[in-house]
Amino acid sequence: MCKPLKVMAVVGSLHEKSVTKVAINHVAEGLREAGCEVDLLDLAEEKLPLVNTDSTFSADYYGPLKRRVKAADVFILGTPDYHGSVSGALKNFTDHFWKEFTGKLFAPIVASHEKGLTVHDQLRTIARQCYAWSLPYAVSFEEKKDVADGKVTSDQCKGRLSMMARDISVYGRILASQRLADLAGEDPTFMAQLR
Ligand SMILES: Cc1cc2nc3c(=O)[nH]c(=O)nc-3n(C[C@H](O)[C@H](O)[C@H](O)COP(=O)(O)O)c2cc1C
């Protein structure tokens with residue numbers, strides 16, 4: 001039997017009633033139904049210090065978090081749109097890791113009143129810099145239109161999130177299986193840097 005796809009879902013808002021978290025929980029439900037394992041990383045609860053290159057990368061203070069990130073095949077990266085940008089919390093999470101993202105899939109979700117396109121672009125740039133793949137789209141939604149009382153309410157947003165869960169499950173498995181084959185093989189692929 002093949003192993004379940006491991007998805008880390010990162011909530012990049014520290015706000016207690018975060019709508020980003022609501023959308024992420026909605027996708028997570030769809031993924032679990034599709035047989036994936038979802039590891040929720042809520043940065044409001046699991047605080048990460050800001051990257052400091054004097055100490056961060058030499059210290060082993062990540063402990064289990066590093067193992068969780070390493071184990072993940074896919075990262076759902078959820079963030080509110082802050083001034084057309086990724087939230088500081090999510091950016092800091094991505095700064096802590098890079099090798100752990102290589103060859104894996106990013107799936108961005110953005111809470112924005114303005115479609116969040118600049119935020120999508122920034123997440124694609126981070127994916128490129130870390131040799132990660134990105135879904136060819138992101139899901140943006142609006143707190144007042146798409147979410148109420150801790151639930152996703154609009155059919156349009158539900159449809160986009162279901163599509164994302166389906167695509168993560170299908171493309172995530174294809175990429176994870178190729179990643180493992182490339183790590184074990186001898187082809188001159190970008191994955192060779194991790195052999
Ligand atoms: C500092 C700050 C900057 C923001 N800048 C933008 C912005 O440029 N565009 C936008 O659409 N919303 C902006 N917002 C609104 C949030 O993105 C929006 O309220 C989002 O739904 C919050 O998500 P959350 O509940 O998950 O934190 C900003 C909010 C804050 C606090």
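Which residue caps the N-terminal end of α1? In this predicted model, the cap is Ser18, with a side-chain oxygen 3.1 Å from the backbone nitrogen of Thr20. Ser18 is placed in the loop between β1 (6–11) and α1. The side chain of Ser18 also reaches the backbone nitrogen of Lys21, again at 3.1 Å. Ser18 counts as buried because its relative accessibility is 3%, which is under the 20% limit. Apart from neighbours within four places in sequence, Ser18 is in contact with Val11 and Ser13.

Helix α1 itself covers residues 19–33. At 1.5 Å a residue, its 15 residues should span 21 Å, and the C-alpha atoms at its ends lie 22 Å apart, so the two values agree. The buried residues of α1 are Val19, Thr20, Val22, Ala23, Ile24, Val27, Ala28 and Leu31. Just after the helix, Gly35 takes a positive phi of about 90°.

A polar atom in the side chain of Ser18 is 2.7 Å from a ligand oxygen atom. Asp81 contributes a backbone N or O atom that lies 2.7 Å from an oxygen atom of the ligand. For His83, a polar backbone atom is found 2.8 Å from a nitrogen atom of the ligand. The ligand taken alone exposes 650 Å², of which the protein buries 75%.

The shell around the ligand holds 15 residues, and those that come nearest are Ser13, Thr20, Asp81, Glu114 and Glu143. By residue type, the shell divides into eight polar, four nonpolar and three charged residues.

A further position considered is Leu41, in strand β2 (residues 37–42). Leu41 has a relative accessibility of 0% and therefore counts as buried. When neighbours within four places in sequence are left aside, the contacts of Leu41 are Met8, Ala9, Val10, Val11, Glu46, Leu65, Arg68 and Phe93. Val11 is also a contact of Ser18. Leu41 and Tyr137 are 96 residues apart along the chain, and their C-alpha atoms are separated by 22 Å.

Terms used: Residues are numbered from 1 along each chain as its sequence is written. This is a predicted model: local features need pLDDT of at least 70, side-chain atom pairs count only at pLDDT 80 or more; totals for chains, interfaces and linings use all residues. Side-chain values use heavy atoms; hydrogens and water are left out. A residue is near a molecule or strand if one of its heavy atoms lies within 4 Å of it. A polar contact is a pair of N or O atoms within 3.5 Å; within protein, one must be able to donate a hydrogen and the other to accept it, and residues adjacent in sequence count only if both atoms are side-chain atoms. Accessible areas come from the Shrake-Rupley method with a 1.4 Å probe; for residues, only the protein chains shown count as cover. Ala, Val, Leu, Ile, Met, Phe, Trp, Tyr, Cys and Pro count as nonpolar, Asp, Glu, Lys and Arg as charged, and the others, Gly among them, as polar. Helices (H or I, at least four residues) and strands (E, at least two) are DSSP runs, numbered from the N terminus. Buried means under 20% relative accessible area, exposed over 50%, partly exposed in between (1.4 Å probe, protein chains only). Contact means heavy atoms within 4.5 Å. The expected span of a helix is 1.5 Å times one less than its number of residues.
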